[in-house]
Amino acid sequence: MGKFFGTDGIRGYAGESPLDERTIERIGYSLATELTARLGRAPQIIIGRDTRESGDWIESAVARGAITAKADVKSAGFITTPGVAYVTRALNADAGVVISASHNPYHDNGIKIFAPSGQKLDDAAEQAIERDLETDASSLKTWPPIVDAIIYTDASLKEKYLNFLRDEVGAGLNLSGLKLVIDCANGASYELAPKLFDALGAQAVLINTEPNGRNINLNCGSLHPETLQQAVLAAKADAGLAFDGDADRLLMVDERGQLVDGDQVLFVMAEYWAAQGKLAGNRVVATVMSNMGLEVALAERNITLVRTAVGDKNVLDELLKNGGSIGGEQSGHVIFPEISLAGDGMLTALEVLRVMVDSKRALGDLASGFTRYPQVIVNVRVARKPPLDSMASVKDAMSKIENELAGNAGKGRLLVRYSGTENLARVMIEGQNETTIREQAETLAKLIKEQIGQTK
């Protein structure tokens with residue numbers, strides 16, 4: 001991670017550095033300049049945004065900077081993050097820019113950049129943009145006055161993405177027998193999702209599809225599925241779909257009002273495809289945070305779970321490096337690399353609904369083969385972050401717990417890691433007995449606190 005780019009693009013409070021107007025113009029200019037140097041011609045850039053009130057002026061600032069550097073810029077308007085990734089790939093554009101802070105509150109925003117493949121921008125390009133931003137404007141001789149450009153929305157771009165979901169991903173899928181409650185989080189999917197599921201014949205009950213610029217993710221969507229759970233029961237629906245603000249993730253609710261998270265989606269899809277001989281390598285890629293119950297359930301079906309570090313980028317890297325039909329995170333980011341290299345909530349919903357229709361089984365029944373293990377997480381505020389194995393008492397305690405978990409038929413696991421964004425050590429234990437693993441986690445957390453805990 002650099003000074004400006006984090007693990008998921010540039011993100012911050014809209015209007016404040018690095019998301020102030022002048023810096024955003026520089027980002028657009030630098031991106032276009034970097035692409036021109038690589039391509040030897042003026043680049044084509046696609047821009048889209050979610051429904052935050054700051055999205056309009058941020059999009060305009062990026063476009064002004066890029067147009068100043070002679071780029072051809074097209075706006076897709078309100079569109080999901082995977083929608084921009086798809087359109088960028090489909091049009092063979094040179095970059096796609098998403099203005100969104102995903103599941104964050106409305107006052108935050110962000111800039112995420114995609115390559116023509118639909119993958120996120122490569123590190124070298126991010127580093128080049130970072131170097132430009134760190135150069136003082138007064139000494140940057142090549143920095144011209146920003147042109148006062150007007151960018152118009154091309155409605156055909158969003159329509160192209162909708163057609164892809166409906167006609168390619170959803171080919172042959174008839175949802176006429178299903179009643180769905182759809183929670184769009186007052187975000188980027190508020191127009192697309194109703195059109196998509198209506199076109200495929202579903203009886204749709206819509207909630208949180210009236211964005212006002214400030215209600216994105218507010219007590220709704222995949223971060224707050226409680227409202228959806230109640231709505232599914234009230235409507236006696238077959239399933240509920242909860243997207244986040246930019247619809248790159250999906251959580252589902254079954255017919256009983258029970259939450260179906262990303263781990264359960266991975267299980268449902270893997271079991272279905274494995275039975276058909278369509279699960280590449282008989283493997284699923286997930287992160288270290290995925291529940292032990294998923295690993296056990298897959299192993300019982302001779303399917304291997306491969307774990308990566310946290311982050312959908314790490315999941316995708318593993319899928320591309322060693323193959324696989326599916327990977328994802330517990331939070332609802334799911335990637336089908338043979339279809340798209342971006343996590344896509346609506347695409348994921350179509351794949352799971354296809355399993356329901358083809359198997360003639362309820363979502364709750366499909367997810368029932370996966371029993372979640374009790375999980376305990378204890379956070380410890382720390383003053384510093386030394387290697388965990390450099391502290392003898394902590395290392396010994398971790399080994400003792402791991403041996404105890406291994407002695408229980410190997411059905412349990414310990415994960416201790418430092419937060420990448422906060423001064424925290426996280427102790428996570430999964431096992432069959434919640435009382436036992438809570439005692440283990442608290443004992444280990446106490447040792448870490450004694451060694452490196454903050455005094456205030």
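Tutor: A crossing of two helices is left-handed if the near helix is turned anticlockwise from the far one by less than a right angle, and right-handed if clockwise. Helices (H or I, at least four residues) and strands (E, at least two) are DSSP runs numbered from the N terminus. This is a predicted model, in which local features need pLDDT of at least 70 and side-chain atom pairs count only at pLDDT 80 or more, while totals for chains, interfaces and linings use all residues. Residues are numbered from 1 along each chain as its sequence is written, and side-chain values use heavy atoms, with hydrogens and water left out.

Student: Is the crossing in which H5 passes H6 left-handed or right-handed?
Tutor: Helix H5 (residues 155–169) packs against helix H6 (residues 192–199) at an angle of about 35 degrees, their axes being 10 Å apart. Axes are lines fitted to C-alpha atoms, for helices over the stretch in contact, and angles run from 0 to 180 degrees between N-to-C directions. The crossing of H5 with H6 is right-handed.

Student: How many charged residues does the contact of H5 with H6 have?
Tutor: Contact means heavy atoms within 4.5 Å; Ala, Val, Leu, Ile, Met, Phe, Trp, Tyr, Cys and Pro count as nonpolar, Asp, Glu, Lys and Arg as charged, and the others, Gly among them, as polar. From H5, Lys-158, Tyr-161, Leu-162, Leu-165 and Arg-166 meet Leu-192, Lys-195, Leu-196 and Ala-199 in H6. By class, 6 residues are nonpolar and none is polar, and the number of charged residues is 3.

Student: How are H5 and H11 oriented to each other?
Tutor: Angles under 35 degrees count as roughly parallel, over 145 as roughly antiparallel, 65 to 115 as roughly perpendicular and the rest as oblique. H5 and H11 pack at about 15 degrees, with their axes 11 Å apart. The two helices, H5 and H11, are therefore roughly parallel.

Student: How are H8 and H11 oriented to each other?
Tutor: Helix H8 (residues 262–275) and helix H11 (residues 345–359) cross at roughly 50 degrees, and their axes come within 10 Å. The orientation of H8 and H11 is therefore oblique.

Student: How many residues of the contact of H8 with H11 are nonpolar?
Tutor: In H8, Val-265, Val-268, Met-269, Tyr-272 and Trp-273 meet Thr-348, Glu-351, Val-352, Val-355 and Asp-358 in H11. The division is 1 polar and 2 charged, and the nonpolar residues number 7.

Student: Which strands stand at the edges of the sheet?
Tutor: Two strands pair if DSSP finds at least two bridges between them. The open sheet of 5 strands has mixed pairing and the order S7-S6-S8-S9-S10. Two strands each have a single partner strand, so one side of each is left without a neighbour in the sheet: S7 (203–207) and S10 (259–260).

Student: Which residue in S8 is the bridge partner of Asp-183?
Tutor: Strand S6 (residues 179–183) and strand S8 (residues 239–243) run parallel and are joined by 4 bridges. In S8, the bridge partner of Asp-183 is Ala-242.

Student: Where is Pro-18 placed?
Tutor: Ser-17 and Pro-18 are joined by a cis peptide bond, with omega about 5 degrees. Pro-18 has its place in the loop between strand S1 (10–13) and helix H1 (21–39).
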